[in-house]
Amino acid sequence: MRVQLSEEQQLLRETVRRFADEVVAPKAREIDETGEFPRDFFERAAELGLAGVAVPEELGGSGMDTVSYCLVIEEISRVCATSGVILSVNNSLVCDPILQFGSDEQKERFLRPLASGEKLGCFALTEPGAGSDAAALRTTARRDGSDYVLNGSKVFITNGTHAEIALVFASVDLEARHKGIAAFLVEASSDGYKTGGHEYKLGVNASGTTELFFEEMRVPASQLLGEESDGFKIAMATLDGGRIGISAQAVGIAQGAFEEGMSYAQEREQFGQALSSFQAIQFYLADMSTEIDAGRLLTWKAAWAKENQKRYTLEAAQAKLFTSEMAQRVTSKALQIHGGYGYTKEYNVERYFRDARITEIYEGTSEVQKMVIASAVLER
Ligand code: CAA
(Lines give C-alpha, C1' and ligand atoms only; values in the text may rest on other atoms or scores of the structure.)
Protein backbone atom coordinates (compact mmCIF):
# COMPACT_ATOMS: atom_id res chain seq x y z
CA MET A 1 0.00 0.00 0.00
CA ARG A 2 1.35 3.46 -0.94
CA VAL A 3 0.43 6.49 1.12
CA GLN A 4 1.46 9.17 -1.31
CA LEU A 5 -0.41 12.00 -2.93
CA SER A 6 -0.52 12.06 -6.72
CA GLU A 7 1.05 14.97 -8.60
CA GLU A 8 -2.44 16.46 -9.18
CA GLN A 9 -3.25 16.22 -5.49
CA GLN A 10 0.03 17.87 -4.51
CA LEU A 11 -0.60 20.66 -6.99
CA LEU A 12 -4.13 21.11 -5.67
CA ARG A 13 -2.82 21.30 -2.11
CA GLU A 14 -0.27 23.98 -3.06
CA THR A 15 -2.89 26.00 -4.95
CA VAL A 16 -5.43 25.86 -2.12
CA ARG A 17 -2.77 26.66 0.49
CA ARG A 18 -1.78 29.78 -1.46
CA PHE A 19 -5.44 30.82 -1.76
CA ALA A 20 -5.94 30.15 1.98
CA ASP A 21 -2.88 32.16 3.01
CA GLU A 22 -3.44 35.07 0.64
CA VAL A 23 -7.23 35.41 0.52
CA VAL A 24 -8.83 33.53 3.43
CA ALA A 25 -6.41 34.09 6.34
CA PRO A 26 -6.47 37.93 6.25
CA LYS A 27 -10.27 37.87 6.88
CA ALA A 28 -10.39 35.05 9.44
CA ARG A 29 -10.12 37.13 12.60
CA GLU A 30 -12.55 39.79 11.39
CA ILE A 31 -15.34 37.38 10.42
CA ASP A 32 -14.88 35.53 13.72
CA GLU A 33 -15.41 38.81 15.57
CA THR A 34 -18.29 40.20 13.49
CA GLY A 35 -20.00 36.91 12.58
CA GLU A 36 -20.50 38.28 9.07
CA PHE A 37 -21.03 35.44 6.58
CA PRO A 38 -18.13 35.49 4.05
CA ARG A 39 -20.13 35.14 0.85
CA ASP A 40 -17.22 36.63 -1.11
CA PHE A 41 -15.02 33.78 0.16
CA PHE A 42 -17.50 31.22 -1.18
CA GLU A 43 -17.52 32.96 -4.55
CA ARG A 44 -13.71 33.13 -4.76
CA ALA A 45 -13.47 29.48 -3.68
CA ALA A 46 -16.00 28.55 -6.37
CA GLU A 47 -13.84 30.25 -9.01
CA LEU A 48 -11.10 27.78 -8.04
CA GLY A 49 -13.56 24.88 -8.39
CA LEU A 50 -13.90 24.26 -4.64
CA ALA A 51 -17.72 24.42 -4.35
CA GLY A 52 -18.16 20.98 -5.92
CA VAL A 53 -14.73 19.35 -5.64
CA ALA A 54 -15.87 15.76 -6.23
CA VAL A 55 -18.79 16.51 -8.54
CA PRO A 56 -18.13 15.45 -12.16
CA GLU A 57 -17.09 18.23 -14.49
CA GLU A 58 -20.09 17.62 -16.77
CA LEU A 59 -22.32 18.57 -13.81
CA GLY A 60 -20.48 21.78 -13.00
CA GLY A 61 -17.96 20.39 -10.49
CA SER A 62 -14.21 19.77 -10.54
CA GLY A 63 -14.31 15.98 -11.00
CA MET A 64 -11.74 15.25 -8.30
CA ASP A 65 -11.60 12.43 -5.75
CA THR A 66 -12.45 12.35 -2.03
CA VAL A 67 -8.81 12.61 -0.84
CA SER A 68 -8.53 15.81 -2.92
CA TYR A 69 -11.68 17.06 -1.22
CA CYS A 70 -10.03 16.39 2.18
CA LEU A 71 -6.97 18.37 1.12
CA VAL A 72 -9.19 21.33 0.23
CA ILE A 73 -11.06 21.32 3.54
CA GLU A 74 -7.84 20.83 5.54
CA GLU A 75 -6.01 23.69 3.84
CA ILE A 76 -8.90 26.15 4.20
CA SER A 77 -9.52 25.14 7.85
CA ARG A 78 -5.82 25.50 8.60
CA VAL A 79 -6.38 29.26 8.40
CA CYS A 80 -10.15 29.64 8.93
CA ALA A 81 -12.41 26.91 10.29
CA THR A 82 -15.53 28.96 9.52
CA SER A 83 -14.67 29.01 5.82
CA GLY A 84 -13.82 25.29 6.01
CA VAL A 85 -17.25 24.29 7.28
CA ILE A 86 -19.09 26.52 4.78
CA LEU A 87 -17.38 24.66 1.94
CA SER A 88 -17.73 21.28 3.61
CA VAL A 89 -21.51 21.61 3.99
CA ASN A 90 -21.97 22.70 0.38
CA ASN A 91 -19.79 19.84 -0.93
CA SER A 92 -20.58 16.96 1.41
CA LEU A 93 -24.04 17.60 2.71
CA VAL A 94 -25.76 19.08 -0.33
CA CYS A 95 -23.89 18.33 -3.58
CA ASP A 96 -23.02 14.75 -2.64
CA PRO A 97 -26.55 13.48 -1.82
CA ILE A 98 -27.94 15.05 -5.02
CA LEU A 99 -25.15 13.36 -6.97
CA GLN A 100 -25.87 10.03 -5.28
CA PHE A 101 -29.67 10.05 -5.09
CA GLY A 102 -30.93 12.77 -7.45
CA SER A 103 -32.72 12.36 -10.77
CA ASP A 104 -31.12 13.77 -13.95
CA GLU A 105 -33.52 16.69 -13.78
CA GLN A 106 -32.63 17.41 -10.13
CA LYS A 107 -28.92 17.25 -10.94
CA GLU A 108 -29.37 19.78 -13.71
CA ARG A 109 -31.58 22.13 -11.72
CA PHE A 110 -30.03 21.90 -8.23
CA LEU A 111 -26.60 20.26 -8.40
CA ARG A 112 -25.12 22.27 -11.25
CA PRO A 113 -25.57 25.71 -9.60
CA LEU A 114 -24.41 24.34 -6.23
CA ALA A 115 -21.31 22.65 -7.64
CA SER A 116 -20.33 25.72 -9.65
CA GLY A 117 -20.90 27.97 -6.62
CA GLU A 118 -23.59 30.02 -8.30
CA LYS A 119 -25.80 28.97 -5.39
CA LEU A 120 -25.06 27.94 -1.80
CA GLY A 121 -26.64 24.96 -0.06
CA CYS A 122 -27.59 23.99 3.47
CA PHE A 123 -28.61 20.70 5.13
CA ALA A 124 -31.71 20.94 7.30
CA LEU A 125 -32.02 17.89 9.54
CA THR A 126 -31.60 19.03 13.18
CA GLU A 127 -34.59 20.30 15.16
CA PRO A 128 -35.03 21.61 18.69
CA GLY A 129 -36.12 18.13 19.85
CA ALA A 130 -34.08 16.06 17.37
CA GLY A 131 -30.29 16.41 17.59
CA SER A 132 -28.46 13.13 18.17
CA ASP A 133 -31.84 11.37 17.83
CA ALA A 134 -32.34 12.56 14.27
CA ALA A 135 -35.27 10.18 13.65
CA ALA A 136 -37.31 12.10 16.26
CA LEU A 137 -37.77 15.08 13.93
CA ARG A 138 -41.26 16.67 13.94
CA THR A 139 -41.33 18.68 10.69
CA THR A 140 -44.17 17.22 8.64
CA ALA A 141 -44.74 16.80 4.90
CA ARG A 142 -48.38 16.33 3.83
CA ARG A 143 -49.11 15.16 0.30
CA ASP A 144 -51.54 17.43 -1.51
CA GLY A 145 -52.04 16.69 -5.22
CA SER A 146 -48.73 17.02 -7.02
CA ASP A 147 -47.12 18.85 -4.07
CA TYR A 148 -46.04 18.21 -0.50
CA VAL A 149 -46.88 20.82 2.12
CA LEU A 150 -44.19 21.24 4.78
CA ASN A 151 -44.66 22.61 8.31
CA GLY A 152 -42.07 22.77 11.08
CA SER A 153 -38.73 24.24 12.04
CA LYS A 154 -35.00 23.47 12.11
CA VAL A 155 -32.13 24.69 14.29
CA PHE A 156 -28.35 25.11 14.02
CA ILE A 157 -28.39 25.11 10.23
CA THR A 158 -24.91 25.95 8.92
CA ASN A 159 -25.03 28.26 5.83
CA GLY A 160 -28.72 28.75 6.67
CA THR A 161 -28.67 32.55 6.64
CA HIS A 162 -27.39 32.68 3.05
CA ALA A 163 -28.31 29.38 1.36
CA GLU A 164 -30.43 29.48 -1.77
CA ILE A 165 -31.08 25.72 -1.74
CA ALA A 166 -31.88 23.60 1.32
CA LEU A 167 -32.00 19.84 1.64
CA VAL A 168 -34.88 19.48 4.10
CA PHE A 169 -35.89 16.35 6.00
CA ALA A 170 -39.55 16.00 6.99
CA SER A 171 -41.87 13.23 8.05
CA VAL A 172 -44.78 11.96 5.99
CA ASP A 173 -45.76 9.69 8.91
CA LEU A 174 -44.58 10.61 12.42
CA GLU A 175 -45.61 7.22 13.86
CA ALA A 176 -43.25 5.43 11.47
CA ARG A 177 -40.18 7.23 12.97
CA HIS A 178 -37.21 6.91 10.61
CA LYS A 179 -39.19 4.99 7.98
CA GLY A 180 -41.53 7.99 7.57
CA ILE A 181 -38.79 10.51 6.79
CA ALA A 182 -38.51 12.02 3.31
CA ALA A 183 -35.85 14.35 1.84
CA PHE A 184 -36.77 17.43 -0.21
CA LEU A 185 -34.79 19.88 -2.33
CA VAL A 186 -36.22 23.27 -1.49
CA GLU A 187 -35.58 26.73 -2.90
CA ALA A 188 -35.10 29.29 -0.11
CA SER A 189 -37.26 31.64 -2.17
CA SER A 190 -40.31 29.33 -1.71
CA ASP A 191 -43.39 30.85 -0.08
CA GLY A 192 -43.52 29.79 3.58
CA TYR A 193 -39.71 29.46 3.94
CA LYS A 194 -38.19 31.77 6.58
CA THR A 195 -34.79 32.04 8.19
CA GLY A 196 -34.08 33.10 11.78
CA GLY A 197 -31.38 35.44 13.08
CA HIS A 198 -27.64 34.88 13.23
CA GLU A 199 -26.68 32.45 15.99
CA TYR A 200 -23.61 33.76 17.90
CA LYS A 201 -21.44 30.81 18.89
CA LEU A 202 -18.24 29.90 20.75
CA GLY A 203 -16.42 29.27 17.46
CA VAL A 204 -16.92 29.05 13.67
CA ASN A 205 -18.87 32.19 14.28
CA ALA A 206 -19.49 33.33 10.70
CA SER A 207 -20.87 30.08 9.29
CA GLY A 208 -24.40 31.44 8.92
CA THR A 209 -25.91 29.24 11.63
CA THR A 210 -29.60 29.92 11.99
CA GLU A 211 -33.08 28.49 12.41
CA LEU A 212 -35.36 27.70 9.48
CA PHE A 213 -39.15 27.86 9.61
CA PHE A 214 -41.58 26.25 7.17
CA GLU A 215 -45.20 27.32 7.19
CA GLU A 216 -47.56 25.67 4.71
CA MET A 217 -44.59 25.57 2.31
CA ARG A 218 -45.51 23.85 -0.96
CA VAL A 219 -42.80 21.70 -2.51
CA PRO A 220 -43.52 19.95 -5.83
CA ALA A 221 -43.22 16.15 -5.61
CA SER A 222 -40.58 16.37 -8.36
CA GLN A 223 -38.29 17.85 -5.65
CA LEU A 224 -38.44 14.74 -3.47
CA LEU A 225 -34.91 13.28 -3.31
CA GLY A 226 -35.01 9.49 -3.72
CA GLU A 227 -38.15 7.59 -2.71
CA GLU A 228 -40.53 8.94 -0.08
CA SER A 229 -39.31 6.53 2.64
CA ASP A 230 -35.58 6.95 1.81
CA GLY A 231 -35.05 10.21 3.69
CA PHE A 232 -33.44 8.87 6.85
CA LYS A 233 -31.05 6.59 4.97
CA ILE A 234 -30.15 9.50 2.67
CA ALA A 235 -29.42 11.62 5.77
CA MET A 236 -27.26 8.91 7.33
CA ALA A 237 -25.36 8.08 4.13
CA THR A 238 -24.80 11.81 3.55
CA LEU A 239 -23.47 12.26 7.08
CA ASP A 240 -20.99 9.42 6.49
CA GLY A 241 -19.44 11.60 3.79
CA GLY A 242 -19.87 14.76 5.84
CA ARG A 243 -17.95 13.23 8.73
CA ILE A 244 -14.93 12.81 6.46
CA GLY A 245 -15.12 16.53 5.70
CA ILE A 246 -15.29 17.40 9.40
CA SER A 247 -12.31 15.12 10.06
CA ALA A 248 -10.36 17.06 7.44
CA GLN A 249 -11.52 20.28 9.09
CA ALA A 250 -10.29 19.07 12.51
CA VAL A 251 -6.90 18.10 11.00
CA GLY A 252 -6.66 21.56 9.41
CA ILE A 253 -7.49 23.37 12.66
CA ALA A 254 -4.92 21.25 14.52
CA GLN A 255 -2.29 21.86 11.82
CA GLY A 256 -2.88 25.61 11.95
CA ALA A 257 -2.60 25.67 15.75
CA PHE A 258 0.52 23.51 15.61
CA GLU A 259 2.21 25.92 13.20
CA GLU A 260 1.30 28.88 15.43
CA GLY A 261 2.65 27.03 18.49
CA MET A 262 5.86 26.05 16.75
CA SER A 263 6.69 29.53 15.47
CA TYR A 264 5.90 31.08 18.86
CA ALA A 265 8.13 28.51 20.58
CA GLN A 266 10.99 29.47 18.29
CA GLU A 267 10.57 33.24 18.77
CA ARG A 268 9.71 33.57 22.43
CA GLU A 269 12.56 33.55 24.93
CA GLN A 270 12.34 32.78 28.63
CA PHE A 271 15.19 32.00 31.05
CA GLY A 272 17.53 33.32 28.33
CA GLN A 273 16.62 30.83 25.61
CA ALA A 274 13.94 30.11 23.02
CA LEU A 275 10.99 28.09 24.35
CA SER A 276 11.74 25.49 21.66
CA SER A 277 15.03 24.64 23.39
CA PHE A 278 13.17 23.30 26.44
CA GLN A 279 12.45 19.61 26.32
CA ALA A 280 8.94 20.08 27.76
CA ILE A 281 8.02 22.22 24.73
CA GLN A 282 9.83 19.90 22.30
CA PHE A 283 7.79 16.98 23.64
CA TYR A 284 4.57 18.96 23.17
CA LEU A 285 5.53 19.60 19.53
CA ALA A 286 6.47 15.93 19.05
CA ASP A 287 3.10 14.74 20.41
CA MET A 288 1.17 17.32 18.41
CA SER A 289 2.79 16.49 15.07
CA THR A 290 2.39 12.75 15.64
CA GLU A 291 -1.29 13.06 16.50
CA ILE A 292 -1.97 15.31 13.49
CA ASP A 293 -0.35 12.78 11.17
CA ALA A 294 -2.38 9.94 12.71
CA GLY A 295 -5.59 11.94 12.25
CA ARG A 296 -4.71 12.85 8.67
CA LEU A 297 -4.06 9.21 7.80
CA LEU A 298 -7.38 8.09 9.34
CA THR A 299 -9.12 10.82 7.34
CA TRP A 300 -7.44 9.75 4.09
CA LYS A 301 -8.28 6.12 4.86
CA ALA A 302 -11.96 7.03 5.21
CA ALA A 303 -11.75 9.09 2.00
CA TRP A 304 -10.15 6.18 0.20
CA ALA A 305 -12.91 3.88 1.51
CA LYS A 306 -15.55 6.30 0.19
CA GLU A 307 -13.95 6.11 -3.25
CA ASN A 308 -13.66 2.33 -3.21
CA GLN A 309 -16.24 0.75 -0.92
CA LYS A 310 -20.02 0.63 -0.83
CA ARG A 311 -20.23 1.41 2.86
CA TYR A 312 -17.63 3.46 4.75
CA THR A 313 -19.70 4.31 7.82
CA LEU A 314 -17.13 2.80 10.22
CA GLU A 315 -14.08 4.48 8.69
CA ALA A 316 -15.79 7.90 8.62
CA ALA A 317 -16.95 7.64 12.25
CA GLN A 318 -13.51 6.50 13.43
CA ALA A 319 -11.81 9.37 11.61
CA LYS A 320 -14.28 11.95 12.98
CA LEU A 321 -14.04 10.62 16.55
CA PHE A 322 -10.24 10.62 16.59
CA THR A 323 -9.55 13.83 14.71
CA SER A 324 -12.07 15.95 16.63
CA GLU A 325 -10.69 14.85 20.00
CA MET A 326 -7.13 15.18 18.68
CA ALA A 327 -7.89 18.77 17.64
CA GLN A 328 -8.90 19.58 21.25
CA ARG A 329 -5.61 18.23 22.55
CA VAL A 330 -3.45 19.91 19.91
CA THR A 331 -5.12 23.34 20.10
CA SER A 332 -4.96 23.21 23.90
CA LYS A 333 -1.20 22.48 23.82
CA ALA A 334 -0.65 25.22 21.22
CA LEU A 335 -2.41 27.66 23.57
CA GLN A 336 -0.33 26.41 26.52
CA ILE A 337 2.89 27.07 24.59
CA HIS A 338 1.75 30.69 24.18
CA GLY A 339 1.22 31.02 27.96
CA GLY A 340 -0.72 34.13 28.98
CA TYR A 341 -0.55 35.54 25.43
CA GLY A 342 -2.41 32.49 24.17
CA TYR A 343 -5.37 33.45 26.30
CA THR A 344 -5.61 36.88 24.70
CA LYS A 345 -7.11 37.97 21.38
CA GLU A 346 -3.68 39.17 20.25
CA TYR A 347 -2.83 35.70 18.92
CA ASN A 348 -4.84 33.41 16.65
CA VAL A 349 -4.41 30.40 18.87
CA GLU A 350 -7.45 31.14 21.07
CA ARG A 351 -9.62 31.10 17.92
CA TYR A 352 -8.26 27.68 16.91
CA PHE A 353 -8.97 26.45 20.47
CA ARG A 354 -12.60 27.66 20.27
CA ASP A 355 -13.13 26.48 16.70
CA ALA A 356 -11.87 22.97 17.40
CA ARG A 357 -14.59 22.37 19.99
CA ILE A 358 -17.45 22.15 17.48
CA THR A 359 -15.83 19.29 15.55
CA GLU A 360 -16.70 17.03 18.50
CA ILE A 361 -20.34 18.07 18.26
CA TYR A 362 -21.64 18.72 14.74
CA GLU A 363 -22.33 15.97 12.19
CA GLY A 364 -22.72 13.63 15.16
CA THR A 365 -21.21 14.05 18.62
CA SER A 366 -18.28 11.88 19.74
CA GLU A 367 -20.83 9.79 21.64
CA VAL A 368 -22.82 9.21 18.41
CA GLN A 369 -19.59 8.23 16.60
CA LYS A 370 -18.93 5.66 19.34
CA MET A 371 -22.46 4.26 18.89
CA VAL A 372 -21.86 3.94 15.15
CA ILE A 373 -18.38 2.40 15.59
CA ALA A 374 -19.54 -0.06 18.26
CA SER A 375 -22.45 -1.24 16.15
CA ALA A 376 -20.19 -1.69 13.09
CA VAL A 377 -17.46 -3.61 14.91
CA LEU A 378 -19.99 -5.84 16.71
CA GLU A 379 -21.57 -6.79 13.37
CA ARG A 380 -18.22 -7.74 11.80
N1 CAA B 1 -26.07 4.63 5.78
C2 CAA B 1 -27.23 4.09 5.30
N3 CAA B 1 -28.23 3.67 6.12
C4 CAA B 1 -28.06 3.79 7.45
C5 CAA B 1 -26.90 4.35 8.00
C6 CAA B 1 -25.87 4.77 7.12
N7 CAA B 1 -24.73 5.30 7.57
N8 CAA B 1 -27.01 4.34 9.34
C9 CAA B 1 -28.20 3.80 9.63
N10 CAA B 1 -28.84 3.47 8.48
C11 CAA B 1 -30.14 2.82 8.35
C12 CAA B 1 -30.17 1.52 9.17
O13 CAA B 1 -29.68 0.44 8.42
C14 CAA B 1 -31.65 1.39 9.48
O15 CAA B 1 -32.29 0.85 8.34
P16 CAA B 1 -33.54 -0.20 8.44
O17 CAA B 1 -34.72 0.59 8.88
O18 CAA B 1 -33.69 -0.72 7.05
O19 CAA B 1 -33.14 -1.24 9.44
C20 CAA B 1 -32.10 2.83 9.63
O21 CAA B 1 -31.13 3.63 8.95
C22 CAA B 1 -32.18 3.27 11.08
O23 CAA B 1 -30.90 3.06 11.67
P24 CAA B 1 -30.68 3.09 13.24
O25 CAA B 1 -31.71 2.17 13.88
O26 CAA B 1 -29.26 2.87 13.51
O27 CAA B 1 -31.12 4.60 13.59
P28 CAA B 1 -31.21 5.37 14.96
O29 CAA B 1 -32.47 6.12 14.99
O30 CAA B 1 -30.90 4.44 16.09
O31 CAA B 1 -30.03 6.48 14.82
C32 CAA B 1 -27.80 7.41 14.95
C33 CAA B 1 -28.71 6.18 14.72
C34 CAA B 1 -26.43 6.94 14.49
C35 CAA B 1 -27.74 7.82 16.41
C36 CAA B 1 -28.28 8.59 14.06
O37 CAA B 1 -29.52 9.12 14.52
C38 CAA B 1 -27.27 9.73 14.00
O39 CAA B 1 -26.32 9.68 13.22
N40 CAA B 1 -27.48 10.78 14.82
C41 CAA B 1 -26.65 12.00 14.74
C42 CAA B 1 -27.29 12.97 13.80
C43 CAA B 1 -26.27 13.91 13.22
O44 CAA B 1 -25.15 13.56 12.91
N45 CAA B 1 -26.72 15.14 12.98
C46 CAA B 1 -25.88 16.11 12.33
C47 CAA B 1 -26.71 17.23 11.82
S48 CAA B 1 -26.04 18.03 10.43
C49 CAA B 1 -24.74 18.98 10.95
O50 CAA B 1 -24.31 18.89 12.06
C51 CAA B 1 -24.14 19.87 9.90
C52 CAA B 1 -23.38 21.01 10.45
O53 CAA B 1 -23.82 21.76 11.30
C54 CAA B 1 -22.07 21.29 9.89
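This is a predicted model: local features need pLDDT of at least 70, side-chain atom pairs count only at pLDDT 80 or more; totals for chains, interfaces and linings use all residues.
**Ground rules.** I number residues from 1 along each chain as its sequence is written, and side-chain values use heavy atoms, with hydrogens and water left out. Local features need pLDDT of at least 70 and side-chain atom pairs count only at pLDDT 80 or more, while totals for chains, interfaces and linings use all residues.

**Domains.** I looked up the domain assignment first. It gives domain 1 (7-120), domain 2 (122-231) and domain 3 (235-379); such bounds come from an automatic or database domain assignment. Nine residues of domain 2 and 12 residues of domain 3 take part in the contact between them (contact means heavy atoms within 4.5 Å). The C-alpha centres of domain 2 and domain 3 are 30 Å apart.

**Helix α2.** I then turned to α2, residues 39-47. Helices (H or I, at least four residues) and strands (E, at least two) are DSSP runs, numbered from the N terminus. Which residues of α2 are buried? I find R39, F41, F42, A45 and A46. Buried means under 20% relative accessible area, exposed over 50%, and partly exposed in between, with a 1.4 Å probe and protein chains only. They sit on the same side of α2, because they cover an arc of only 155 degrees around the axis. That arc is taken from the directions from the helix axis to the C-beta atoms. An α-helix has 3.6 residues a turn, so residues three or four places apart point the same way. The cover over the buried residues of α2 includes α1 (7-34), α3 (66-79) and α4 (81-101). Just after α2, G49 has a positive phi of about 85 degrees.

**R39.** This residue of α2 has a relative accessible area of 16% and is therefore buried. Beyond residues up to four places away in sequence, R39 touches E118, K119, L120, H162 and E164.

**G117.** I found G117 in the loop between α5 (104-115) and β1 (121-124). Its relative accessible area is 6%, so G117 is buried.

**N159.** The loop between β3 (147-157) and β4 (165-171) holds N159. Its relative accessibility is 0%, so N159 counts as buried. With neighbours within four places set aside, its contacts include F37, I86, V89, N90, L120 and S207.

**Cavity.** How many cavities of 30 Å³ or more does the structure hold? I count one. A cavity is a set of points, on a 1 Å grid over the protein atoms alone, where a 1.4 Å probe fits but cannot get out; lining residues have an atom within 4 Å of a point. The largest cavity has a volume of about 60 Å³. R29, D32, E33, K345, Y347, N348, E350, R351 and R354 line the largest cavity. Two or more of the lining residues come from each of α1 and α9 (349-358). Domain 1 and domain 3 each give at least three residues to the lining.

**Positive phi.** Most residues other than glycine have a negative phi. I noted F156, with phi near 55 degrees. F156 lies in strand β3 and is exposed, with a relative accessible area of 55%. F271 has phi near 50 degrees. I place F271 in the loop between β9 (269-270) and β10 (273-274). At 78% relative accessibility, F271 is exposed.

How values were computed:
On a 1 Å grid over the protein atoms alone, a cavity is a set of points where a 1.4 Å probe fits but cannot get out, and a pocket is an open set with protein on both sides within 12 Å along at least five of seven lines; lining residues have an atom within 4 Å of a point. Grid points are joined across faces, edges and corners, and a volume is the space filled by probe spheres set on the points.
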